[in-house]
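Take a look at the model below. A short report follows, topic by topic.

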Amino acid sequence: MKRNDQAPRRFYIVLQVLQGFVLGLLLLLAFILFLSATSDISLFRYQQF
Amino acid sequence: MSDEHCPFTWSDAFARGLFSTGRISLVTCLTCFVLGCLLTWRLIAPDASIFADGTPGRWAESPRDFQAFATASAIGLANRSEGPPRIVIAGTSLILAAFGSPERTQEVLQRDTGHPVEVAVLAAGANTLLHSFALLDMSFKTSGGIAILGINELTLGVSPHDQDVMIERSPLGFSSMPARALARTALGSRQRIEAFGPFDALRFYAARLRSYARNVRSGRQFEAQTKFPFEREPEGPLPDLSAKAWSTRTIEDDADFMATTETALAELDAIITHFESRSDVALVLMLDPLNLATLKDRRTLEALQQARERLEQLARRRGIRLSDALRNAPIKPAQFIDYGHIASETARNQLRHALSAEIAPLLGDQPE
């Protein structure tokens, strides 16, 4: 009975870790895009020769 | 929000697990972000790169993964400002086959010129002019020297579409602002990750993750093998060259060839402008060796001649040295395996001596 109580909780923890992982990657992507738009490692701006 | 004490049902767990943000999620998110930042920085920033020692470590897929060896070598040079004058030779597989081992080339150059020099050969099969530009720019990031750009009339005629494909297939392991800008100007807007940008550099590592894991598991680390496999096995059968589809090249459409040559010349022009701003870098354009015996088609020869004239005009106009030392070296057709790849150490030595004679004046008269 006790083991059954724990199963949804473990499922919740797994989902939270997954959520954190996805949010972390999105945050990283946003950070790189921000840096690239504002600094020397630009992805989108470029100098004309 | 309290995670710990409330009794969960499956639907609670699903809804809260996905749609609410608890401590577990926040901690995971921050850990991923920090680790991701560190990893990205370590991979794509030349100053912090894992290739700072000039070798690709376990990232090389094979002894002939020249994109990895060239990347590592360029980053290694960028991280060192001391040492003897550096001579960096960039180009396609023709240059790679022509000079072979950089160590051996360095030995010959040092002996012939009487100068201590450091030689790097940053060439690979799928290199475009833009690859060579990015590699040269990275090599001279902190110190000057002689930049030798191997070119030939055939590869000048590679269309922008084919250049796109080559860039797509062979990313370098670092981002390069000047190469990115030139790619944008020369090849136009692209509907994918921008060439020579940080994400493009990450593709280099992503493509090698499996072989990296294999190399870590087996403790294997490849050394560059510049000789062709059949050269290393004198007992082995020689390849049947007549069966090779790439044993010669023909130009089918002259107008198209000349149009793409003009695009390449515009790229070259921009590369010359870039290095003009570096008073400590001497740029030399060097014609790759070609096996003219395989290029018999009259139209092809005429198109090549036209391209050569346009190249000479550009060099004259920009006051840049266009060397034909390799092209004019007395290499026998039997020492080539096709239209331009050399497979003979004797021929390579001839080319190394030809290179020495070409660059000796640039190193000064007095041996150090």
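At what angle do the axes of helix α3 and helix α6 of chain B cross, and within what distance do they come? The model is predicted. In it, the axes of α3(B) and α6(B) cross at roughly 30° and come within 7 Å.

## Two helices of chain B

Start with helix α3. It covers residues 66-78 of chain B, 13 residues in total. From first C-alpha to last it reaches 18 Å. That is close to the 18 Å expected at 1.5 Å a residue. Is α3(B) mostly covered or mostly open? It is mostly covered: 13 of its 13 residues are buried.

Its partner, helix α6, covers residues 129-139 of chain B. The axes cross at roughly 30°, and α3(B) and α6(B) are therefore roughly parallel to each other. On the α3(B) side, the contact is made by Ala70(B), Ala74(B), Ile75(B), Leu77(B) and Ala78(B). On the α6(B) side, Leu135(B), Met138(B) and Ser139(B) take part. By class, the contact has seven nonpolar residues, one polar and no charged.

## The sheet of chain B

Chain B also holds an open sheet of five strands. The order is β2-β1-β3-β4-β5, and the pairing is parallel. Which strands stand at the edges? They are β2 (118-123) and β5 (321-323) of chain B. Each has a single partner strand, so one side of each is left without a neighbour in the sheet. On average, neighbouring strands are turned by 20° against each other, direction ignored.

## Around strand β1

Strand β1 spans residues 86-91 of chain B. Five of its six residues are buried, so β1(B) is largely enclosed by the rest of the structure.

Six bridges join β1(B) to β2(B), and the two run parallel. Val88(B) has Ala120(B) of β2(B) as its bridge partner. Ile89(B) stands opposite Val121(B), also in β2(B). Five bridges join β1(B) to strand β3 (residues 145-151) of chain B, again in parallel. There, Arg86(B) stands opposite Gly145(B).

Helix α5 (residues 102-113) of chain B lies across β1 and β2 of chain B. Helix α5(B) runs at about 140° to β2(B).

## Where the chains meet

How many residues of chain A are in contact with chain B? The count is 27 residues of chain A, in contact with 37 residues of chain B. The side of chain A that touches chain B has 17 nonpolar, seven polar and three charged residues.

Definitions and conventions:
Residues are numbered from 1 along each chain as its sequence is written. Chains are lettered from A and ligands numbered from 1 in the order in which they are written. This is a predicted model: local features need pLDDT of at least 70, side-chain atom pairs count only at pLDDT 80 or more; totals for chains, interfaces and linings use all residues. Two residues are in contact if their C-beta atoms, placed from the backbone, lie within 7 Å. Ala, Val, Leu, Ile, Met, Phe, Trp, Tyr, Cys and Pro count as nonpolar, Asp, Glu, Lys and Arg as charged, and the others, Gly among them, as polar. Helices (H or I, at least four residues) and strands (E, at least two) are DSSP runs, numbered from the N terminus. The expected span of a helix is 1.5 Å times one less than its number of residues. A residue is buried if 20 or more other C-beta atoms lie within 10 Å of its own, exposed if 12 or fewer, and partly exposed in between; C-beta atoms are placed from the backbone. Axes are lines fitted to C-alpha atoms, for helices over the stretch in contact, and angles run from 0 to 180 degrees between N-to-C directions. Angles under 35 degrees count as roughly parallel, over 145 as roughly antiparallel, 65 to 115 as roughly perpendicular and the rest as oblique. Two strands pair if DSSP finds at least two bridges between them.
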